[in-house]
Amino acid sequence: MSEQEQIRLGKVLWAIADELRGAMNADDFRDYMLSFLFLRYLSDNYEQAAKAELGPDWPKLPPEDRRSPLAVWYEQNPDDIEIFEDVMRRKVHYVIKPEYLWTTIAEMARIQSKELLSTLEKSFRYIEEKAFSKNFQGLFSEINLNSEKLGKTYQQRNNRLCTIIQKINEGLSEFPKERDLLGDAYEYLIGQFAAGSGKKAGEFYTPQEVSSILSGIVTLDSQDPKLGKRSKLNRVYDFACGSGSLLLNVRRHMGKHGIGKLYGQEKNITTYNLARMNMLLHGVRDMEFEIFHGDSLLNEWDILREPNPAKKIEFDAVVANPPFSYKWDPTEEMAKDFRFKDYGLAPRSAADFAFLLHGFHYLAKDGTMAIILPHGVLFRGGAEKKIRTKLLKDGNIDAIIGLAPKLFYSTGIPVCILVLKKCKKSDDVLFINAAELYKPGKRQNKLLPEHIEKIITTYQNRPSELKEKLENGNIFAARCVSMKEIEEHDFNLNITRYVSTTKPEEPVDLRQVHQELKQLSTEIAQALDRHNAYLRELSLSELPK
């Protein structure tokens, strides 16, 4: 399916969401809408695989029979169900009973079945506990089908759900059942809900254009980016993964066979569930990803708590968009934590460097880390200056990229991308000032594909100095800055100290200006003489020369 069709589907579903949510908060309705899309995806994928597995035994039903063909097969072959489900677990990695498939649910919605709500509850519980070999307990924990937001009585809630599911099913029926289609629609809707959530959107969504910059950088050869993309990334980690869009973007860059396993960590329970659904919706199998619900700063994930350096897990790529200047409460014990002990603790007022050090600790020696942070980390003093200085002296900061303002839903301030490595080839720091590189919008600015490519290509080629005039008249600039120069600036990394996008003043030809002034003076004197002549004829006082 073309990109235009994908966008059209997203718009159809968004229009349905906008129409049906009524007075319900957009964030609340998002969870219902995305959960139903998730059920539809799992069902379609499972039915297609079942049809391929059963071959000629797949029941052919007349158009007026709206049952799932798989339900009919189950009725006709009760003795073969267990063997069939064992095969499906090996091939598809999950099983859905016919009574919980979207086909069944949508038909119940069409006929306004009174059992729809209770069937949905059973369906969600089955997917959480029994569908997958890996337990997805709590996947729908934030979906309260008995919430009064849907209606005060069971019947009102059931009727509302019938309407919502029927509308979604009608909207989807206009489009073919393609594997990636619902995954793309899901991403589109997450973006639309994020746009309506304002500051809260930062909790779960990184704009795709910014994600693409990070993905494009971490997938390049870490020692020599000019060599192009790496052939394989065994492990990729996002310690503030939100809905998982950044991890999925890295996977898109590498191709599904270019990634060993995706690892994500998310503190917010609703967003954690979104991330798990998002992975499965994009065809990432349950053994190909692991998302942990917990606080990265407290390091609650068991697999990351190995104190022995020889046994610790490491990642070929680390990407993150953590909450900006998050207020945290580090304890004295944390100062001894193996992530922070060599650097010191980030201040309570801003955990930016705490997040950075967490991810950096688990970066492999030949890996690349790219993290989005506010500009304050580049120049603030105190504890942050101490951490920044050590990272610079150890040769760990590879590049700093300044982006345009108003690219994020959650903030209008410009942000920067820090690229870090444990073993880098060059002994300088590449500064890229892309603050003027954007397409302006009313509420939000946008990066175009050519802007993304320009930033990644500049990082890849690492020019010693670059200053380019853009079509809009603004300046895009980059420069490799030596450690000596950075030290002279007291380890202040404010981008404009090293790479300015100020437009150069046009050179002035003083001789030409002098001649023009002389000519103007002569013309003024001549005009004054003519004017005074008229005044004399009229017996009026002349103007002084």
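Modeller: A charge sits over a ring if NZ of Lys or CZ of Arg is within 6 Å of the ring centre and within 35 degrees of the ring normal. This is a predicted model, and that test was applied to it.

Biologist: What makes Lys454 a charge over the face of Phe476?

Modeller: Lys454 lies 5.6 Å from the ring centre of Phe476. The limit is 6 Å, so the distance passes. Another such case is Lys390 over the face of Tyr343, also at 5.6 Å from the ring centre.

Biologist: How many aromatic pairs does a search of the whole structure find?

Modeller: The search gives 22 aromatic pairs.

Biologist: Why is the pair of Phe132 and Phe136 called edge-to-face?

Modeller: The ring centres of Phe132 and Phe136 are 4.8 Å apart, within the 6.5 Å needed for a pair.

Biologist: Why is the pair of Phe292 and Trp301 called stacked?

Modeller: The planes of Phe292 and Trp301 are at 5°, and under 30 degrees counts as stacked, so the pair is stacked. The ring centres lie 5.2 Å apart.

Biologist: Is Trp301 buried or exposed, and how do you know?

Modeller: Trp301 has a relative accessible area of 4%. Buried means under 20%, so Trp301 is buried.

Biologist: Then why is Phe292 called partly exposed?

Modeller: Phe292 comes to 21% relative accessibility. Buried needs under 20% and exposed needs over 50%, so Phe292 falls in between.

Biologist: Which aromatic cluster holds Phe292 and Trp301?

Modeller: Phe292 and Trp301 share one cluster with Tyr237, Phe239, Tyr263, Phe315, Tyr326 and Phe355.

Biologist: What makes Leu510 count as exposed?

Modeller: Leu510 has a relative accessible area of 65%. The cut-off is over 50%, so Leu510 is exposed. Leu510 lies in helix H17, residues 510-537.

Biologist: How does the protein's radius of gyration compare with that of a compact globule?

Modeller: A compact globule of 545 residues would have a radius near 24 Å, whereas this protein has 30 Å. Its C-alpha atoms fill a box of roughly 115 × 70 × 45 Å along the principal axes. Of the 545 residues, 52% count as buried. The secondary structure comes to 17 helices and 10 strands.

Notes:
Residues numbered from 1 in each chain as written. Predicted model: local features only at pLDDT ≥ 70, side-chain atom pairs only at ≥ 80, totals over all residues. Heavy atoms only, no water. Helix = DSSP H or I, 4+ residues; strand = E, 2+ residues; numbered from the N terminus. Buried < 20%, exposed > 50% of the residue type's maximum accessible area, 1.4 Å probe, protein only. Phe/Tyr/Trp six-rings, centres within 6.5 Å; stacked < 30°, edge-to-face > 60°. Rg over C-alpha atoms; globule rule 2.2 N^0.38 Å.
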